[in-house]
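Hi,

Here is the structure I promised to pass on to you. Have a look at it first, and then read my notes below.

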Amino acid sequence: MPAAAIALALLAPAVPAVPAMAAGGGYSATIRRTEYGIPHITAEDYGGLGFGYGYAFAQDNLCTLASWVVTLRGERSRYFGPDAESDDPAKPVANLASDVYYKSIADSGVVRRLLARPAPVGPSAELRRLVDGYVAGYNRYLEDTGVANLPDPRCRGKAWVGPITTTDMWTNLLDLSRMPSSSSLKEAITGMAEPDRPPEDRRPQPEPAAGSNAWALGREATRGGGGMVLADPHFPWQGIRRFYQVQLTIPGVLDVSGGSLYGTPVVQIGHNAKVAWTHTVTHAQHFTVYRLALAGGHGYTVDGRVEPMGEQEVEVTLPDGTVSRHTLLTSRYGPVLAVGQSDEAAYALADANAANLRAADEWLAIARAGSLDELRRAQRTYQGMPFVHTLATDVSGTAYFADTSVVPHVTDAQAERCAKPSPVPGLDAYVLDGSTSACLWGRDGDAVVPGIFGPGKQPTLIRADYVANSNNTYWMTNPAKPLTGYPKAYGKTGTDVQPRPRVSLDMIAQRLSGADGLGAPGFTLETLQATVHGKRNLTFELMRDDLLKMCRTRPKPSHEPSHEGCRTLEKWDGRATLDGEGAILWREFFMRLGRPVKAGDPPYSPWRVPFDPARPLTTPRGLKDDPAVRQALADTVQFFRSNGIPLTLTPGQAQSYASIPIPGCTEGEGCFDRVRTGGSLGADGRYPEVDTGSSFMMAVELTPAGPRTRTVLTYSLSADPASPHHTDQTALFSRGGWVTERFTAAEIAADPHLETVTVHERR
């Protein structure tokens, strides 16, 4: 069967929701909460562990998951109206488009068929029990509390809140795998634009730059000789893609601590006693688009023979009880897109993650790994990482990097031979010729499913010093050993490293040489923490001298706007701390520098020395001295002055989350633990609330005596505004603090804030 035919799942009958049932009954778990409400869950088996986790999560975040379940069931239009915006934190769309998309998944039967498969393609017995227990624990909390008595006012007493099913949770795990592919193309698949966009503009929209930082430090980089990991994922601060901090323990079987995405029963980023790991989003392809040569009606040709398109009828219930009916077309490759169509051609989406439930089992196996070799074995077994690099280390101090993500098997030669023009702007995947089977995805003998590259083709690097990634392509994982020679589907080499990855690599280099002022060379847990919170702004560092030279060589009256801006920036230390006077002025100036000089021009490049692939860590650099630069500075200062905003405006004054000031700066400026706000600087000198940035930060040192770990969950444990743990870690993050993790039973028992409860399944 062609790999792309996985997406024919869209033609199968509907799957009924299956309630969670305990195998043999008797779920039981102990939930111990330490400071900041962090739950440590212990049980004797996987079902009990899931039960305790589902119960604890519902205590903190029931409303967020309840809303998302409405989304997964395709029922948002019924409860919230078809035109309102969905609750997808990565790419919200109109509720009707969301409902049609998720109804098509439910009706396709893809989840049912995956559950009928044995592992590794289908879920393992352990994961099935974990999911069953999680659902039962969530439902037990809801039954005990009652919808009318929920503490969170966002969903208290709402008709859309009710018990969840295992089908909901499996669909959520599948949707997580599809996040950078099918799930981000809902409008293109359904043919429904947002209400304020005309039909002719129903085209995929480019996503914001992905953001995460990850370091795995080996024995040659650490002063203790063991491994260390820095995890700094930059995921949304709202909704279902938030991290929840948790420790999951089955004595003698599993003991893992870290960050777990909402509604998933496994830890995605974390550590056990001997292994630590993290992830960053890759530049690899995770889907392709096939150009279909139409043959009249709903047919298309492959190898000279006509194949009919499939039709899927989808029904969505509206608030008044009426039904909105929609017909979606499918092909052997996957859903036929509603964009780019003509009389001669249509386009179909082939998603490598269309039937990927393997990721959860891979994370569960990684959590049990006792060494880096065992972690790698888990990745070879499941091959389920949907869209992320993996960086890891163990007690021996070996650092590991790999892009084990699910990538369509399209060789460079095939991509060139089969290439077709993109149907619309915004579809950056490979567009291939769908009229010939010669352009189908290939197959590797070591691949667990057909159509993807196997482990032997994946970019991999193992070092004794370090590996690092900040969403740059794999080639600069360690500058001492550039990675090349892999299929271009994994990303390009020789490209501009970009400011944030550059500052990341420079931070490591300075720590290893001792040039950062933090003491003797090499990393300790304490110097790792200090390095991460340095708040450096690399673009300012690279342009500062030229900017000040421009200011000095072109003297102006002291009252001239640019002169005032120069004085402010000259005094700024280049750190995006809460009190960094000049940090916001620089941000606004730098953003203006990248705009076209006039309408129709390409973006302006302000760099004096352009990028040189032979010098990727030192270029581009410098600032041009030309009219466009001077005008950008004058316009920036004028914006501040005309709105009465002080040029010394600080990050602490301009950006916040839940009224708590947030330090940091943006991706483009070259900030390591970057932040993103929901819009532009207002006339009041404030940005909209921070919505993305450092989320679950973890610094862990693996020692023979056990792990030493510091963490901070930037938006705190609970999305419930009534919870005492709604913003407590946010305040800690604001002032640069960390939580000292309690991992062992003795450390947990010694917490003066300890609260313990045992929960059982009601029989």
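**Disulfides and the sheet**

The link of Cys551 and Cys566 is left-handed, with -70° about the S-S bond. Since this is a predicted model, please take the values as computed from it.

Searching the whole structure turns up four disulfides. Another of them joins Cys63 and Cys155, with 1.9 Å between the sulfur atoms. Its S-S torsion is about -75°, so this disulfide is left-handed. The pair connects distant parts of the chain, 92 residues apart: Cys63 belongs to helix H1 (residues 46-72), while Cys155 is in the loop between helix H5 (125-145) and helix H6 (166-177). Cys63 and Cys155 are both buried.

In sequence order, the bonded cysteines pair 1-2, 3-4, 5-6, 7-8.

Now to the sheet. It is open and mixed, with 10 strands in the order E18-E16-E15-E8-E7-E6-E5-E2-E1-E29. Strand E18 (460-463) and strand E29 (755-760) are the edges, each pairing on one side only. From one strand to the next, the twist averages 20°. Strand E1 (residues 28-33) runs antiparallel to E29, joined to it by six bridges, and Thr30 stands opposite Thr758 in E29.

Best wishes

Definitions and conventions: Residues are numbered from 1 along each chain as its sequence is written. This is a predicted model: local features need pLDDT of at least 70, side-chain atom pairs count only at pLDDT 80 or more; totals for chains, interfaces and linings use all residues. Side-chain values use heavy atoms; hydrogens and water are left out. Two strands pair if DSSP finds at least two bridges between them. Helices (H or I, at least four residues) and strands (E, at least two) are DSSP runs, numbered from the N terminus. Axes are lines fitted to C-alpha atoms, for helices over the stretch in contact, and angles run from 0 to 180 degrees between N-to-C directions. A disulfide is a pair of cysteine sulfur atoms within 2.5 Å. Buried means under 20% relative accessible area, exposed over 50%, partly exposed in between (1.4 Å probe, protein chains only).
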